[in-house]
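Colleague: I am new to this one. Can you walk me through how to read it?

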Amino acid sequence: MSLITLRTASKRVPRTFAPLSANIHTSHPARQGNKVTPGGVTADTDPETDPKKGGDGFFGSLLYGSKEAKAAGLIDPSHQGQHSKIVGRGKYVHEKITHNVIPSKRDEYLAAAEKYFKELIDHNGEFGRVKLTGSWESIVGTVGEFTHILEYEGYRGYDETNKALRGSKEMQSLQSHILPLINSRQHQIVSEFSFWPSSPPHDSGYPDGGIFEMRSYQLQPGKLLDWEYAWRRGLEARKRFVQPVGAFFSQVGQLHEVHHIWQYPDMETRKHTREQAWSVGSWSDTVQETVKLAQSMKSTIMVPCPWSPLK
């Protein structure tokens, strides 16, 4: 999608929610206890179906999380106002680390980073039980970039890990071998969307782990809930044809940013898979909403590093 398309789409367009409302409450348009939201969608306030009261109605589950997610500790039911608390999994936080490596130092960086992250994985119990979700090298996009995603047990886990790392002479020494090899680094704290948890460590069986695509979107401020709703439906369309790896929204660092990660065996399969998604009616709706809600977007093709738990 071009920047021209994005700018055109950013103009305000009246929204019609009638089809959505019909899909949610077609059989009970006038049921007592329902109320109409400012967007025109009928929201169920029946205790049996309103998640705020312990029920599992669709609209309420969308905004406040299902009973199953709350029971699993993935959503904190006490957080009903802040958008990030509503749409995110409350159990974990992730750190997206980006290293821009000096081109002539690539091989040295790979060797130094492998030692660092293997030590972190092998002794994670000493470092706040931090886990490495994955490590990748960009081959299309900003070439020379390496992305690492760490998972913490909430912000308490993040604090424990950083304190332990600062106090570890071994980890400080390993990091000192990495720093001279990079031009810049960026750290961003992100959370998972509640409807799209990260894939656990796995070997896909693809040659060399296949390829990963990270699609990053800069959202208009205040549009996170709209994005969550559009992509809750969009994921259902896409995952019929492709393995979703994870989706994250920023909380510290560059704000109002969302990252989606997908895995494919190769670029040719990626092309066909994206074409197949258009056979699902809801996908075109998701694409239209994406254009409306995003200020900019970019696609990065990555390959997994040898030590990455996701391949």
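Modeller: Start with a term. Buried means under 20% relative accessible area. Keep in mind that this is a predicted model.

Colleague: Which residues of helix α10 are buried?

Modeller: Helix α10 spans residues 267-277, and Arg270, Thr273 and Ala277 are buried there.

Colleague: Where do the buried residues of α10 fall, seen down its axis?

Modeller: The general idea comes first. An α-helix has 3.6 residues a turn, so residues three or four places apart point the same way. Now the case here. The buried residues of α10 fall within an arc of 70°, so they line one face of the helix.

Colleague: What covers the buried residues of α10?

Modeller: The cover includes three strands, β7 (211-219), β9 (257-264) and β10 (294-304). It also includes the helices α9 (224-238) and α11 (281-293).

Colleague: Which residue caps the N-terminal end of α10?

Modeller: Asp266 does. One of its side-chain oxygens lies 3.3 Å from the backbone nitrogen of Glu268.

Colleague: Now strands. How many residues of β7 are buried?

Modeller: 9 of its 9 residues, so β7 is mostly covered.

Colleague: Which way do the residues of β7 point?

Modeller: In a regular strand the side chains alternate between the two faces of the sheet. In β7, Ile211, Glu213, Arg215, Tyr217 and Leu219 point one way. Phe212, Met214, Ser216 and Gln218 point the other way. Both sets are buried.

Colleague: In what sense do β7 and β9 pair, parallel or antiparallel?

Modeller: Antiparallel, over 8 bridges. Gln218 stands opposite Glu257 in β9. Strand β10 also runs antiparallel to β7, and 8 bridges join them. There, Met214 has Thr300 as its bridge partner.

Colleague: How far is Gln218 from Leu293, C-alpha to C-alpha?

Modeller: Their C-alpha atoms are separated by 8.7 Å, though the two residues are 75 residues apart along the chain. Leu293 lies in helix α11. Leu293 counts as buried because its relative accessibility is 0%.

Colleague: One more residue. Is His148 buried or exposed?

Modeller: Buried, because its relative accessibility is 0%. His148 sits in strand β5, residues 145-152.

Colleague: Which side chains make polar contacts with that of His148?

Modeller: The side chain of Tyr109 makes one, at 2.8 Å. The side chain of Ser135 makes another, at 2.8 Å. Leaving aside neighbours within four places in sequence, His148 also has contacts with residues including Glu95, Phe117 and Trp307.

How values were computed. Residues are numbered from 1 along each chain as its sequence is written. This is a predicted model: local features need pLDDT of at least 70, side-chain atom pairs count only at pLDDT 80 or more; totals for chains, interfaces and linings use all residues. Side-chain values use heavy atoms; hydrogens and water are left out. Helices (H or I, at least four residues) and strands (E, at least two) are DSSP runs, numbered from the N terminus. Buried means under 20% relative accessible area, exposed over 50%, partly exposed in between (1.4 Å probe, protein chains only). A polar contact is a pair of N or O atoms within 3.5 Å; within protein, one must be able to donate a hydrogen and the other to accept it, and residues adjacent in sequence count only if both atoms are side-chain atoms. Contact means heavy atoms within 4.5 Å. The arc is that of the directions from the helix axis to the C-beta atoms. Two strands pair if DSSP finds at least two bridges between them.
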